[in-house]
Amino acid sequence: MKGRLSGVSRCVIRLPAWQRKAVSLAFSALWLSGVAWLLLHYYLATEGDFGPRPHWLEPWSLRLHGLLAMIVLTVLGSLVPVHMKLAWARARNRAGGLLMVAVCVWLVLTGYALWYFANEANQDWLSRLHWLCGLGLPLILAAHTPVSRRRMMARLGLNWSSAR
Ligand code: HEM
Ligand code: HEM
């Protein structure tokens, strides 16, 4: 009975297809919009009479990023009641889960600070605190996801031992 129950909870912790797709679509789109801003800002600005002139797509990439950030927050919220709660209660992958939550909280806080508190003095380092962590997000999510983790370990030639 005990084995059967843990089997059931394992299935429930594993995300249904729609939710797995929602996570990967929303996170990928958010990441791509952030990277688009970086490329536009650092490589595609032109020299104007009064200093660097931003590419016309730069503000649009940020508007898109803000919209996608809200969608990602909704998707994250949908993981709390079952995925996170149950995995936590069953003590499965707590370290990996905590890392995911910590990174997302960091991105939310630094994104919030960029939105409401950025000024000329802090914009540069605040921005870096945000996007340097954001760039690493896909790697952290891949390490958290058993299938991708198995693939990464195999590529590195390391032994795969099943996630707790
Ligand atoms: C930011 C929050 C989180 C995100 C975006 C996230 C996302 C994911 C995704 C996409 C998978 C792969 C699911 C599948 O292939 O069906 C997964 C697996 C897993 N996650 Fe999370 N997760 C989060 C937080 C947590 C937390 C807080 C815990 C633990 C307390 C946790 C524990 C697990 C476990 C145990 C698995 C493996 C499930 C299995 O295949 O047996 N996750 N997570
Ligand atoms: C939960 C995840 C995230 C949230 C809630 C979030 C939120 C935000 C917010 C609110 C802003 C400020 C927008 C503005 O000033 O108009 C921002 C800017 C930005 N974000 Fe994110 N973001 C997240 C993840 C990411 C990721 C994964 C990347 C990947 C590179 C990224 C890269 C950037 C960049 C480059 C900026 C522009 C920085 C600047 O204006 O100097 N973000 N983000």
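I looked up which residues of helix 2 are buried, and found L30, G34 and W37 among them; buried means 20 or more other C-beta atoms within 10 Å of a residue's own, exposed 12 or fewer, and partly exposed in between, with C-beta atoms placed from the backbone. The model is predicted, with local features needing pLDDT of at least 70 and side-chain atom pairs pLDDT 80 or more, while totals for chains, interfaces and linings use all residues. Residues are numbered from 1 along each chain as its sequence is written, and chains are lettered from A and ligands numbered from 1 in the order written.

I noted that helix 3 and helix 5 (123-144) are included in what covers these buried residues. Contact here requires C-beta atoms, placed from the backbone, within 7 Å. Helices are DSSP runs of H or I, at least four residues, numbered from the N terminus.

I then checked the packing of helix 2 (residues 17-43) against helix 3 (residues 58-89): their axes come within 9 Å and cross at roughly 155°. Axes are lines fitted to C-alpha atoms over the stretch in contact, and angles run from 0 to 180 degrees between N-to-C directions. The two helices are therefore roughly antiparallel, the term for angles over 145 degrees.

I turned to the loop between helix 3 and helix 4 (94-116), where A91 lies. A91 has a positive phi of about 55° without being a glycine, and is exposed, with 8 other C-beta atoms within 10 Å. N93, in the loop between helix 3 and helix 4, also has a positive phi of about 55° and is not a glycine. I recorded N93 as partly exposed, with 18 C-beta neighbours inside 10 Å.

How values were computed: Angles under 35 degrees count as roughly parallel, over 145 as roughly antiparallel, 65 to 115 as roughly perpendicular and the rest as oblique. Two residues are in contact if their C-beta atoms, placed from the backbone, lie within 7 Å.
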